[in-house]
Amino acid sequence: MAHFAKLDAKNEVIFVTVGRDEDAEGELTLRTGAVYKQTSYNTRGGVHLLGGTPLRKNYAGIGYKYDAQRDAFIPPQPFPSWVLNEDTCLWDAPVAMPTDGRYEWDEAAVNWKVI
C-alpha cells in the first residue's frame, strides 16, 4: 500500500492516508484541488529502513512541511536553537546528546540536562 500526505495551501501536511499502489505516481491532485504527495512509511532521514529507495527524506506526519526545493517532508522545529540538517531534513541540536544516560533538551541553557 502507498501512503499519501494531503497538503494545505502552505504545503503543510494536514492528513496522511493509505492509497492504492497503482495511484503511486508521486503526486495526486484531485478535482477538488486537493494535493497529495506520496510518502514512504519506511523512510527517515533520507534512508529507507528496509534498504529500498528513500522517498522525500522522511515519512510525512501532521504538521510537517513539504519543501518542494528539497522534495522533502520536514518535521516541525522542536526548539528555536535547533538547525535543519540539509542531508536528512531533520533538526539537529546545537550540542550532541550525551550517550551515558537519559537526557532532555533544556532550551534556556541550550544544552542537555539529565532526567
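Let me begin with Ala72, which counts as buried because its relative accessibility is 0%; here buried means under 20% relative accessible area, exposed means over 50%, and partly exposed lies in between, with a 1.4 Å probe and protein chains only. Ala72 belongs to strand β8, residues 72-74. Strands are DSSP runs of E with at least two residues, helices are runs of H or I with at least four, and both are numbered from the N terminus.

A word on the source: this is a predicted model, in which local features need pLDDT of at least 70 and side-chain atom pairs count only at pLDDT 80 or more, while totals for chains, interfaces and linings use all residues. Residues are numbered from 1 along each chain as its sequence is written, and side-chain values use heavy atoms, with hydrogens and water left out.

What is Ala72 in contact with, leaving aside its neighbours within four places in sequence? The residues are Arg56, Lys57, Lys65, Tyr66, Asp67 and Cys89, where contact means heavy atoms within 4.5 Å. Between Ala72 and Tyr59, 13 residues apart in sequence, the C-alpha to C-alpha distance is 9.1 Å.

Let me now turn to the chain as a whole. The protein chain has 12 strands and 0 helices. Of its 115 residues, 30% count as buried. Its accessible surface comes to about 7,300 Å², and carbon and sulfur atoms account for 52% of that; these areas come from the Shrake-Rupley method with a 1.4 Å probe, and for residues only the protein chains shown count as cover. Among contacts between residues at least 6 apart in sequence, 32% join residues at least 24 apart.

I move next to the start of the chain. Strands β1 and β2 pair in the antiparallel sense over 6 bridges; two strands pair if DSSP finds at least two bridges between them. Ala5 has Val16 in β2 as its bridge partner. The hairpin of β1 and β2 has 5 residues between the strands. Asn11 sits in that loop, between β1 (2-7) and β2 (13-19), and has a positive phi of about 65° although it is not a glycine. Asn11 counts as partly exposed because its relative accessibility is 29%.

Which residues make up the largest nonpolar core? There are 7 residues in all: Ala5, Leu7, Val13, Ala60, Tyr64, Tyr66 and Phe73. A nonpolar core is a set of buried Ala, Val, Leu, Ile, Met, Phe, Trp, Tyr and Cys residues joined through side-chain atoms within 4.5 Å. In soluble globular proteins, nonpolar side chains tend to be buried together. Ala60, leaving aside its neighbours within four places in sequence, is in contact with Ala5, Val13, Val16, Thr39 and Phe73.

The next topic is charge. The structure holds 5 salt bridges, each being a side-chain nitrogen of Lys or Arg within 4 Å of a carboxyl oxygen of Asp or Glu. One of them joins Asp71 and Arg56, with the closest N and O atoms 2.7 Å apart. This pair links distant parts of the chain, 15 residues apart: Asp71 is in the loop between β7 and β8, and Arg56 is in the loop between β6 and β7. Is Arg56 buried or exposed? Arg56 counts as buried because its relative accessibility is 11%, whereas Asp71 is partly exposed at 32%. Asp71 also has a positive phi, near 50°, in a residue other than glycine.

Asp67, Arg70 and Glu86 are linked in a network of salt bridges. The side chains of Asp67 and Arg70 meet at 2.5 Å, N to O. Asp67 is buried at 18% relative accessibility, while Glu86 is partly exposed, with a relative accessible area of 47%.

I close with the aromatic rings. The count comes to 7 aromatic pairs; rings of Phe, Tyr and Trp (its six-membered ring) pair if their centres lie within 6.5 Å, and planes under 30 degrees apart count as stacked, over 60 as edge-to-face and the rest as tilted. Phe79 and Trp82 form a tilted pair, 5.4 Å centre to centre with 45° between the planes. Phe79, Trp82, Trp105 and Trp112 form one aromatic cluster.
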